[in-house]
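The sequence and model come first, and the points follow by topic.

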Amino acid sequence: MQCSKSLGYLAYPLLTFFLVAALSMQAQTTANPQQSAPPAQSPAPDTEAQPTPLQPTQPTPLTRDPLSQAQQQQGNSSSQPQVNYPNEQERIRLAREAQERVRARRAARTAAEIKDTYSHKYEIYFGYTYLRMRPGHFLQHGNELGWEAGLTRFFTPKFGVSADLRGYYKSVYVGDNPYSLNQPFISNYSAMVGPQYFVRQRKNYAVGFQVLAGVSHNLFDADSSGHPGYLVGLYDNGTSFAASAVMPVDFNLGPGLAFRVAPDYYLTTWADHSRGTELQHNLGFMLGLNYRFGRQ
């Protein structure tokens, strides 16, 4: 009896110790369930589950040498004008292309103006004439003044046929003579036709060539009383062959109007009373206007 009491006194403290230990172990198991779970019983990963999105990470700044950074910034600043602006060769190429475009537009305008100027069907020219001629075989050359008018029909912009009329007048000094006729007044007229061709046609001027042939009629009377001119050394009155070679030069005042300067060689075949027909080689020119009209 005494022994069972002493065992009872010992059993109570042991039961209390084991109860406290069991409670303590249960508390630890509740606080850390993952540590207490055995690894073999962990569930297998689900392959069809959505992946967990990754959190963005901040890039790690690269440490760079300050001198390298300054050189890179300087290089970027120096290369920036080459991106925005062309280099020297590119500027030269662009300038040449712009000049070529300007020249092309200018050439097109000039070609249009030339076509507008020289596409007329007719032209009428008229003006003042000068002729250096010899009125008689033994007389000196003298200056004749007069007029000239003509009409040209163009069949192409450069080629046409001209009809030309002229008149020259002069008082001739014949020297002392038994008839007391010192300065008889003479005149001659011509009517000629022939081809005309422009060898050069530009915006501001044109140069051509004209060959004419026809007749010349001269009035070389010594005075109004009807004394024949051969009495004082003049050529005989009459009508004879005449020809002319002219180089008309037109300075354009507009598409339909030009100022004409036309030097020419004028050939006449007047007759001397005692020697017969002679050739007279005369030089002169015409100053006047050339009016164009009609379209081809």
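The whole structure holds 12 salt bridges, a salt bridge being a side-chain nitrogen of Lys or Arg within 4 Å of a carboxyl oxygen of Asp or Glu. The model is predicted: local features need pLDDT of at least 70 and side-chain atom pairs count only at pLDDT 80 or more, while totals for chains, interfaces and linings use all residues. Residues are numbered from 1 along each chain as its sequence is written, and side-chain values use heavy atoms, with hydrogens and water left out.

**Salt bridges**

- Arg 166 and Glu 148 pair through their side chains, with an N to O distance of 3.4 Å. The pair links distant parts of the chain, with Arg 166 in strand 3 (residues 159-171) and Glu 148 in strand 2 (residues 142-154), 18 residues apart. Strands (E, at least two residues) and helices (H or I, at least four) are DSSP runs numbered from the N terminus.
- Arg 166 and Glu 148 are both buried. Buried means under 20% relative accessible area, exposed means over 50%, and partly exposed lies in between (1.4 Å probe, protein chains only).
- Asp 250 and Arg 292 form a salt bridge whose closest N and O atoms are 3.8 Å apart. This pair also links distant parts of the chain: Asp 250 is in strand 7 (residues 249-254), Arg 292 is in strand 11 (residues 280-295), and 42 residues separate them.
- Asp 250 and Arg 292 are each buried. Both belong to a network of salt bridges that also links Glu 123 and Arg 260.
- In the salt bridge between Arg 275 and Asp 272, the closest N and O atoms are 3.6 Å apart. Arg 275 counts as partly exposed because its relative accessibility is 42%, whereas Asp 272, at 9%, counts as buried.

**Nonpolar core**

- The largest nonpolar core has 21 residues, and those with the most contacts inside it are Val 172, Val 174, Phe 220, Leu 234 and Tyr 266. At least two residues of this core come from each of strand 1 (120-133), strand 4 (185-201), strand 6 (238-246) and strand 8 (257-268). Strand 1 gives the most, with three residues.
- Such a core is a set of buried Ala, Val, Leu, Ile, Met, Phe, Trp, Tyr and Cys residues joined through side-chain atoms within 4.5 Å.

**Positive surface patch**

- Arg 101, Arg 103, Arg 105, Arg 106 and Arg 109 gather in a patch of positive charge on the surface. A patch is made of residues with over 30% relative accessible area and no salt bridge, with like charges joined within 9 Å.
- Lys and Arg count as positive and Asp and Glu as negative, leaving out His and the chain ends.
- Arg 103 is in helix 4 (residues 88-117). Its relative accessibility is 47%, so Arg 103 counts as partly exposed.

**Pairs far apart in sequence**

- Ala 242 is in strand 6 and is buried because its relative accessible area is 0%. Ala 242 and Ala 191 are 51 residues apart in sequence, with a C-alpha to C-alpha distance of 8.5 Å.
- Ala 258 is in strand 8 and is buried, with a relative accessible area of 0%. Ala 258 and Ala 206 are 52 residues apart in sequence, and their C-alpha atoms are 9.4 Å apart.
- Asn 177 is in the loop between strand 3 and strand 4. With a relative accessible area of 17%, Asn 177 is buried. Asn 177 and Gly 233 are 56 residues apart in sequence and 9.7 Å apart in space, C-alpha to C-alpha.
- Leu 231 is in the loop between strand 5 (205-219) and strand 6. Leu 231 is partly exposed, with a relative accessible area of 29%. Leu 231 and Asn 177 are 54 residues apart in sequence, and 8.7 Å separates their C-alpha atoms.

How values were computed
Patches are made of residues with over 30% relative accessible area and no salt bridge: like charges are joined within 9 Å, nonpolar side chains (Val, Leu, Ile, Met, Phe, Trp, Tyr) within 5 Å. Accessible areas come from the Shrake-Rupley method with a 1.4 Å probe; for residues, only the protein chains shown count as cover. The place of a charge is taken as NZ of Lys, CZ of Arg, CG of Asp or CD of Glu.
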